[in-house]
Amino acid sequence: MQQALKRGPSFPPARAPQVPRPAGLRPRWLAAGLAAVLVALVAGVSLGPVSLPPGSVAVELLNLLPGVRLDSGLTEREIAIVTELRLPRAVLGLLVGGLLALAGGAYQGVFRNPLADPYLLGVAAGAGLAVTVVITAGVGAGGAITGLPVTVPLAAFVGAVGAVLMTYLLGSSGGRGRSPATLILAGVAVAAFLSAGQTYLLQRNSDSIQQVYSWLLGRLATAGWHDVRLVLPYFLLTAVVVLLHRRELDVLSVGDDEASSLGLHPQRSRYLLIAAASLGTAAAVSASGLIGFVGIIVPHTVRLLAGSSYRVILPLSMLFGGAFLALTDVIARTAAAPEEIPIGVVTALLGGPFFVLVLRTTRRVLG
């Protein structure tokens with residue numbers, strides 16, 4: 001007793017601040033996301049100018065698996081429509097939608113803003129300017145766009161990545177004390193500058209306006225598996241990087257000081273996630289044009305239904321985002337058949353009211 005008094009009172013060792021551990025991804029939500037992808041895939045292949053039985057289409061898709069040989073009842077012509085025309089388009093929709101929704105969820109976590117969008121850092125403006133340059137140059141030279149399947153997507157990719165780099169450079173010029181809001185403001189400035197350049201080019205080349213706007217409104221038209229093979233590596237890279245760091249977004253949500261005390265490097269994690277999300281967005285834009293609101297609609301809906309942890313939001317956004325865009329593409333090519341509505345118009349019609357709803361529910365945060 002006397003020895004204890006000499007030593008003085010004992011206190012428990014100090015503990016590092018604890019971040020609330022949110023619930024992980026529940027199996028039923030994962031199953032729902034995979035089911036949505038399968039439904040969207042079958043619907044995207046079955047529906048069109050020539051409708052095909054969904055059951056026969058599902059059987060034919062199973063025949064693509066190694067060792068499976070079933071009689072789908074489809075003719076050779078219908079099988080060619082499934083495997084060479086509609087299936088690549090549906091898969092491209094899944095990849096592009098998954099990228100845009102995954103990037104949207106990552107941006108919302110990095111900037112702690114539910115209104116953050118994949119086009120936040122000037123991606124759309126950079127891609128739009130680059131494509132405008134290519135199209136106006138092709139029209140002016142020979143009256144037609146030379147090498148459209150290669151030149152336009154490549155220009156869109158380079159322009160999107162270049163715009164993001166410009167935003168990084170401008171946002172980092174404020175020194176080490178910059179906040180996430182600095183990048184948002186830099187993105188707005190870069191987007192305004194690049195959009196002004198695009199407007200000037202369109203005014204000087206009025207004969208190419210229709211071709212430029214047909215790309216700007218977004219489309220998933222593809223001649224085969226070429227576009228899918230181009231986008232797939234970027235999809236895999238973006239998905240791996242973002243999903244492996246999804247726990248860090250939950251830590252960043254408590255603030256940079258608390259995240260640093262837990263051993264996390266906030267700026268390094270933030271820029272890594274932004275780079276991966278921007279690269280995926282650039283790849284999606286290069287393949288499909290500008291398709292807006294997917295990065296807002298899907299992650300916010302997942303947050304409302306399945307939980308606020310980014311361990312849940314990001315993987316489900318990738319699955320439901322792909323299903324959402326594939327089903328939206330079905331609407332775009334069947335609502336006014338035989339004409340096709342630009343898919344960007346359909347997502348805007350769906351996303352505009354949703355954006356207003358999100359803005360009303362988050363006005364306290366923005367204020």
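**Entry 1: the whole protein**

I started with burial. Of the 367 residues in the protein, 49% are buried. The model I am looking at is predicted. Next I looked up the secondary structure. The protein has 16 helices and zero strands.

Then I checked the surface. Its accessible area is about 18200 Å². Carbon and sulfur atoms account for 66% of that area.

I also asked how far apart in sequence the contacting residues are. I took the contacts between residues at least 6 apart in sequence, and 76% of them join residues at least 24 apart.

**Entry 2: helix 2 and helix 14**

How do helix 2 and helix 14 lie, parallel or perpendicular? I looked up the axes. Helix 2 covers residues 27-46, and helix 14 covers residues 310-334. Their axes come within 9 Å and cross at roughly 25°. An angle under 35 degrees counts as roughly parallel. Helix 2 is therefore roughly parallel to helix 14. The crossing of helix 2 past helix 14 is left-handed.

I then listed the residues that touch. From helix 2 they include Trp29, Leu30, Gly33 and Val37. From helix 14 they include Leu316, Phe320, Leu327 and Arg333. By class, I noted 15 nonpolar, two polar and one charged residues in this contact.

**Entry 3: helix 4 and helix 13**

I moved on to another pair. Helix 4 spans residues 76-111, and helix 13 spans residues 294-306. They pack at an angle of about 70°, and their axes are 8 Å apart. Angles of 65 to 115 degrees count as roughly perpendicular. So helix 4 and helix 13 are roughly perpendicular to each other. Helix 4 passes helix 13 in a right-handed crossing.

Which residues make this contact? Helix 4 supplies Gly97, Leu100, Ala101, Gly104, Gly105 and Gln108. Helix 13 supplies Val294, Gly295, Ile296, Val298, Pro299 and Arg303. I sorted them by class and wrote down six nonpolar, five polar and one charged residues.

**Entry 4: helix 3 and helix 4**

Helix 4 also packs with helix 3, which covers residues 54-62. The angle here is about 75°, and the axes are 11 Å apart. That makes helix 3 roughly perpendicular to helix 4. Val57, Glu60 and Leu61 of helix 3 meet Ile79, Val82 and Leu87 of helix 4. By class, I noted five nonpolar, no polar and one charged residues.

**Entry 5: Phe293**

I turned to single residues. Phe293 sits in the loop between helix 12 and helix 13. Its phi is positive, at about 75°, although Phe293 is not a glycine. Phe293 has a relative accessible area of 26%, so it counts as partly exposed.

**Entry 6: Leu183 and Tyr271**

I found Leu183 in helix 7, which runs over residues 180-204. Its relative accessible area is 3%, so Leu183 is buried. What does Leu183 touch, leaving aside its neighbours within four places in sequence? I noted contacts with Phe111, Leu121, Thr167, Tyr168, Gly171, Tyr271 and Ile274. I also looked up Leu169. Leu183 and Leu169 are 14 residues apart in sequence, and their C-alpha atoms are 9.4 Å apart.

One of those contacts, Tyr271, was worth a separate look. Tyr271 lies in helix 12, residues 266-288. Its relative accessibility is 22%, so Tyr271 counts as partly exposed. Tyr271 and Tyr168 are 103 residues apart in sequence. In space, their C-alpha atoms are 9.1 Å apart.

**Entry 7: Val241**

My last stop was Val241, in helix 9, residues 226-244. The cut-off matters here. Buried means under 20% relative accessible area. Val241 has 18% relative accessibility, so it counts as buried. Leaving aside neighbours within four places in sequence, I noted Leu272 and Ala276 as its contacts. How far is the C-alpha atom of Val241 from that of Leu272? They are separated by 8.3 Å, with the two residues 31 apart along the chain.

Terms used:
Residues are numbered from 1 along each chain as its sequence is written. This is a predicted model: local features need pLDDT of at least 70, side-chain atom pairs count only at pLDDT 80 or more; totals for chains, interfaces and linings use all residues. Side-chain values use heavy atoms; hydrogens and water are left out. Helices (H or I, at least four residues) and strands (E, at least two) are DSSP runs, numbered from the N terminus. Buried means under 20% relative accessible area, exposed over 50%, partly exposed in between (1.4 Å probe, protein chains only). Contact means heavy atoms within 4.5 Å. Accessible areas come from the Shrake-Rupley method with a 1.4 Å probe; for residues, only the protein chains shown count as cover. Axes are lines fitted to C-alpha atoms, for helices over the stretch in contact, and angles run from 0 to 180 degrees between N-to-C directions. Angles under 35 degrees count as roughly parallel, over 145 as roughly antiparallel, 65 to 115 as roughly perpendicular and the rest as oblique. A crossing is left-handed if the near helix is turned anticlockwise from the far one by less than a right angle, and right-handed if clockwise. Ala, Val, Leu, Ile, Met, Phe, Trp, Tyr, Cys and Pro count as nonpolar, Asp, Glu, Lys and Arg as charged, and the others, Gly among them, as polar.
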